[in-house]
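Q: I am new to this structure and would like to learn how to read it. Could you take me through it one feature at a time?

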Amino acid sequence: NHVERQHVDAKMTEKLCNTEISNRNIYKLDNSCKETNTFILSIPAKVKSICRGDGSYDENSGMTYSTATFRIIKCKLKHQGARKPSCQYEGRLLTNRIIVVKCEGKLPVHFNRDLLPSERNDGEQL
């Protein structure tokens, strides 16, 4: 599963961005480096559960928002336009994040983004 392979790892740390992205072969189709890759510090079952009742579906975007919050490692590319094999990333630990995924048949098939709970209701706060 794409989401599990590219985005779920309970043992991920800020220091492991380069290693993990390279080991998992995470690149764009033309072999250029992805600008950002987010790793969810969790186990696959917890991420799957977002699509199995532990999430709220947003009709406008077609995305599902996790009800639980997660810790994530965000790996950002240091040099724009770099190509495989010289993708160098800087990792940051972020806590208390809502995970936004696209669910298909009770499985997360695409990691959309993450946000803080305070950003969840963007347009509705007065």
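A: Let's start with the span of residues 4–115: its end C-alpha atoms lie 19 Å apart, and the span is 14% helix and 41% strand. Helices (H or I, at least four residues) and strands (E, at least two) are DSSP runs, numbered from the N terminus. This is a predicted model, in which local features need pLDDT of at least 70 and side-chain atom pairs count only at pLDDT 80 or more, while totals for chains, interfaces and linings use all residues. Residues are numbered from 1 along each chain as its sequence is written, and side-chain values use heavy atoms, with hydrogens and water left out.

Q: Which UniProt annotation covers residues 4–115?
A: The UniProt record, an unreviewed entry, gives "domain: Ribonuclease A-domain" for residues 4–115. UniProt positions are given in the numbering used here, feature names are shortened, and annotations may be inferred rather than shown by experiment.

Q: How do I read a disulfide, and how many disulfides are there?
A: In general, a disulfide is a covalent bond between the sulfur atoms of two cysteines. The rule used here asks for a pair of cysteine sulfur atoms within 2.5 Å, and the count comes to three disulfides. With bonded cysteines counted along the chain, they follow the pattern 1-4, 2-5, 3-6.

Q: Where do Cys17 and Cys75 sit in the chain?
A: Cys17 and Cys75 form a disulfide with their sulfur atoms 2.0 Å apart. Cys17 is in helix α2 and Cys75 in strand β4, 58 residues apart, so the pair links distant parts of the chain. The torsion about their S-S bond is about -80 degrees, so this disulfide is left-handed. Both Cys17 and Cys75 are buried, where buried means under 20% relative accessible area, exposed over 50%, and partly exposed in between (1.4 Å probe, protein chains only).

Q: Which cysteine does a disulfide join to Cys33?
A: Cys33 is joined to Cys87, with an S to S distance of 2.1 Å. Cys33 lies in the loop between α2 and β1 (36–40), and Cys87 in the loop between β4 and β5 (89–104), 54 residues apart. Cys33 counts as buried at 2% relative accessibility, and Cys87 is buried too, at 8%.

Q: Is Cys103 buried or partly exposed?
A: Cys103 is partly exposed, with a relative accessible area of 23%. Its disulfide partner is Cys51, which is buried at 11%. Cys51 is in the loop between α3 (44–48) and β2 (55–58), whereas Cys103 is in strand β5.

Q: How do I read a nonpolar core, and how many residues has the largest one?
A: In soluble globular proteins, nonpolar side chains tend to be buried together. A nonpolar core is a set of buried Ala, Val, Leu, Ile, Met, Phe, Trp, Tyr and Cys residues joined through side-chain atoms within 4.5 Å. The largest core here has 14 residues, and those with the most contacts inside it are Met12, Phe39, Ile73, Cys75 and Tyr89. Two or more residues come from each of α2 (17–23) and β4 (70–77), and β4 gives the largest share, three residues. A second, separate core of twelve residues includes Val8, Phe70, Ile72 and Ile99.

Q: What lies over the face of Phe70?
A: Lys46 does, at 5.6 Å from the ring centre. A charge sits over a ring if NZ of Lys or CZ of Arg is within 6 Å of the ring centre and within 35 degrees of the ring normal.
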